[in-house]
Amino acid sequence: MSLSGLFLILFLLFHLSMNVTAAFSGAAYNTVCSLLGANWYAVVGTFVLAAFVIIHFVYAFMLTLQNRKARGNDRYLISARPKNVEWASQNMFVLGLIVLLFIILHLYQFWYHMMFAELAGVEGSINPQDGAQFINYYFKGNIIVTVLYLIWFTALWFHLTHGFWSAIQTLGWNNTIWIKRWQCVSQIVATIICGLFAVITIVFFVKGVGGDLSQCQDACHSVCQSACDAAQQMGGGCK
Ligand code: HEM
């Protein structure tokens, strides 16, 4: 659980840096989107990521069942929470489940209309490589999606504040002095990740991606065009 959790935090940092780019420049974001797109390395990355999410969830499920079995019907001998026990630590499974449900919605909005659409050759009203346009479509002026995402980031924040230091503890990198420090680092990491995701979501709601949208389409077009030229030089075709 700890290793899969730490891997997912690394993915979040990568994903966050990509999305922060979009707040400044939709064109830069689209260049990155087109470079990843449905290329083989991006598809392999998606499979690896999916495997880690499944491992993380299955272990969490088994651990929760084991805990319930060990405690029988009386889940807690004393129902009041001791002062030094975080609320998040007692609700990790439920928090994780909330995060996962929102991920399913998120994958439908973006992954399904971008990578999947490209692989399956599905044509929609937005070019599957035009991530900037998708962000504007879902967030700009849309209070419902924005609030749903902010709820998602709140659940993720609670999950990470406990998850990060708990993973470090499982790996054995702690002692009585360091445990307090890791708990503090955990709060900082969770706040940076979820805080920045929340800020950019609000930016997308208020004014959409950074820069001029036609520049985003140009960026997307020029990357597609150079990939097309390279394919033709090698004797291949291109749609
Ligand atoms: C403002 C917030 C966010 C935006 C605008 C956003 C945007 C996107 C976009 C455009 C894609 C498809 C292109 C790509 O693969 O990069 C994507 C994929 C994805 N997002 Fe997000 N995202 C946000 C937050 C999150 C968060 C908080 C999580 C996880 C908790 C997440 C998990 C994922 C996953 C798992 C994928 C599929 C990645 C893959 O295909 O390998 N996203 N997101």
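Me: Which residues are buried in H6?
Reply: First, a caution: this is a predicted model, where local features need pLDDT of at least 70, side-chain atom pairs count only at pLDDT 80 or more, and totals for chains, interfaces and linings use all residues. Residues are numbered from 1 along each chain as its sequence is written. In H6, the buried residues are Gly131, Ala132, Gln133, Phe134, Ile135, Asn136 and Phe139. Buried means that 20 or more other C-beta atoms lie within 10 Å of the residue's own; exposed means 12 or fewer, partly exposed is in between, and C-beta atoms are placed from the backbone.

Me: What makes H6 mostly covered?
Reply: The count does: 7 of its 9 residues are buried.

Me: Why is Gln133 called buried?
Reply: Gln133 has 20 other C-beta atoms within 10 Å, so Gln133 is buried. Gln133 sits in helix H6.

Me: Why is Cys184 called exposed?
Reply: Cys184 has 11 other C-beta atoms within 10 Å, and the limit is 12 or fewer, so Cys184 is exposed. Cys184 belongs to helix H8. Between the C-alpha atoms of Cys184 and Thr161, 23 residues apart along the chain, there are 8.7 Å.

Me: What is Gln133 in contact with, beyond its neighbours within four places in sequence?
Reply: Gln133 is in contact with Ile126, Leu213 and Cys216. Contact means that two C-beta atoms, placed from the backbone, lie within 7 Å.

Me: How many helices and strands does the protein chain have?
Reply: There are 9 helices and 0 strands. Helices (H or I, at least four residues) and strands (E, at least two) are DSSP runs, numbered from the N terminus.

Me: Which residues of H8 are buried?
Reply: They are Ser186, Ala190, Ile193, Cys194, Phe197, Ile200, Thr201 and Phe204. H1, H6 and H7 are among what covers them. After H8 comes Gly208, with a positive phi near 75 degrees.

Me: Which residues touch the most other members of the largest nonpolar core?
Reply: Among its 32 residues, they are Ala22, Ala132, Ile135, Phe164, Val209 and Cys216. Such a core is a set of buried Ala, Val, Leu, Ile, Met, Phe, Trp, Tyr and Cys residues joined through C-beta atoms within 7 Å. H7 supplies the largest share of this core, 10 residues.

Me: Which residues come nearest to the ligand?
Reply: Thr46, Phe110, Trp111, Gly131 and Thr201 come nearest, of the 22 residues around the ligand. A residue is near a molecule or strand if its C-beta atom, placed from the backbone, lies within 6 Å of it. H5 gives the most to this shell, with 8 residues.

Me: How does the shell around the ligand divide into nonpolar, polar and charged?
Reply: The shell has 15 nonpolar, 7 polar and no charged residues. Ala, Val, Leu, Ile, Met, Phe, Trp, Tyr, Cys and Pro count as nonpolar, Asp, Glu, Lys and Arg as charged, and the others, Gly among them, as polar.

Me: Which element has the lowest mean pLDDT, and which the highest?
Reply: H9 has the lowest, 70, and H6 the highest, 97. The score is the predictor's confidence in each residue, from 0 to 100. The chain averages 89, and 88% of the residues score at least 70.
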